[in-house]
Amino acid sequence: MEPDGTLKSNQTLVTDFVLQGFSEHPALRLLLIGCFLTMYAVAFTGNALIIAVVCCSTSLHSPMYFFLSNLATMDIICTSTILPKVLVDLAVQNSTISYTGCMTQLFFLVWSASSELLLLSVMAFDRYVAICRPLHYGSIMNSLMCVALVGSVWGICALNASVHTSLMARLTFCGPHIITHFFCEIPPLLLLSCSPTWVNSIMTVLADGFYGFTNFVLTLTSYGCIVASILRINSAEGKRRAFSTCSSHLIVVSVYYTAVFYAYISPVSSYSPERSKVAGVLYTVLSPMLNPLIYTLRNAEVHRALRKLLSVCQR
């Protein structure tokens with residue numbers, strides 16, 4: 001009886017998880033609540049304003065701003081998937097998340113994060129065509145092409161998220177059930193599984209290679225061509241204007257890829273909870289908060305459209 005009872009106990013399935021979050025730093029709880037609440041408010045408001053301005057201002061109905069509004073949507077999905085749960089956990093000091101809630105969070109996180117990486121490559125291609133082939137820009141980046149590119153990004157990444165979530169859902173979790181992170185992420189979940197995870201690991205490596213390395217190379221190639229084209233411009237004013245059209249995107253790409261590489265370009269066996277939490281804050285909180293600021297602070301077109309929209313709202 002005892003061996004059977006022990007076996008049954010060992011095979012008890014996990015129905016919920018405990019997110020470790022920042023529980024190892026209890027003295028910072030109030031500070032973290034204030035910081036995360038502020039960053040979420042800034043990220044949500046900034047990205048929502050970008051979407052509203054692009055939709056309502058005919059002057060911004062161009063491929064670059066169409067892509068930017070989709071990037072803002074992805075940022076809202078990413079932050080809203082993570083931060084409300086983090087804030088509740090910090091406030092009530094209860095970090096439990098249901099199995100279904102964890103899988104749902106994983107799906108939307110993978111969907112938004114991979115979509116952002118793919119869209120950044122599309123935006124780099126858009127800037128390449130605008131600067132390197134300006135006479136053909138209107139015919140290449142027409143409305144049908146833009147919709148097809150964005151639709152492909154959302155569709156491909158939804159499929160990618162579905163595959164990873166389905167593979168995770170087929171695993172058995174028998175305990176322990178403490179996730180060493182502040183949200184449900186693939187590496188710490190794989191470490192908790194008591195069933196073989198080699199298929200998940202292979203798919204994770206393949207996804208990292210495509211969304212991380214391949215898109216990074218494509219983005220670098222686009223900007224290599226852009227820089228070469230800018231250097232061939234004779235006037236200093238022409239060079240400055242050409243560079244100003246892509247400098248914001250280049251900053252966003254640098255910030256996002258730094259965080260993603262820091263978080264994911266390492267094997268699961270060398271997973272570091274502290275490093276992953278820092279990287280998680282960078283790409284799920286800091287990057288979505290900075291994106292609206294980076295794209296709007298130096299953009300006169302967005303400033304004009306925003307002032308016009310605010311004046312209409314005040315009437």
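The model is predicted, so local features need pLDDT of at least 70 and side-chain atom pairs count only at pLDDT 80 or more, whereas totals for chains, interfaces and linings use all residues. Residues are numbered from 1 along each chain as its sequence is written, and side-chain values use heavy atoms, with hydrogens and water left out.

A salt bridge is defined as a side-chain nitrogen of Lys or Arg within 4 Å of a carboxyl oxygen of Asp or Glu. Three salt bridges are found by this rule.

Helices (H or I, at least four residues) and strands (E, at least two) are DSSP runs, numbered from the N terminus. Burial is judged by relative accessible area: buried means under 20%, exposed over 50%, and partly exposed in between (1.4 Å probe, protein chains only). K277 is buried, at 3% relative accessibility, while E24 is partly exposed, at 33%.

A further salt bridge connects D89 and K85, at 3.1 Å from N to O. These two residues are four residues apart in helix α3 (residues 63-92) and are therefore separated by about one helical turn. D89 has a relative accessible area of 9% and is therefore buried.

R127 and D126 also form a salt bridge, in which the closest N and O atoms are 2.9 Å apart. R127 is buried, with a relative accessible area of 9%, and D126 is buried at 1% relative accessibility.
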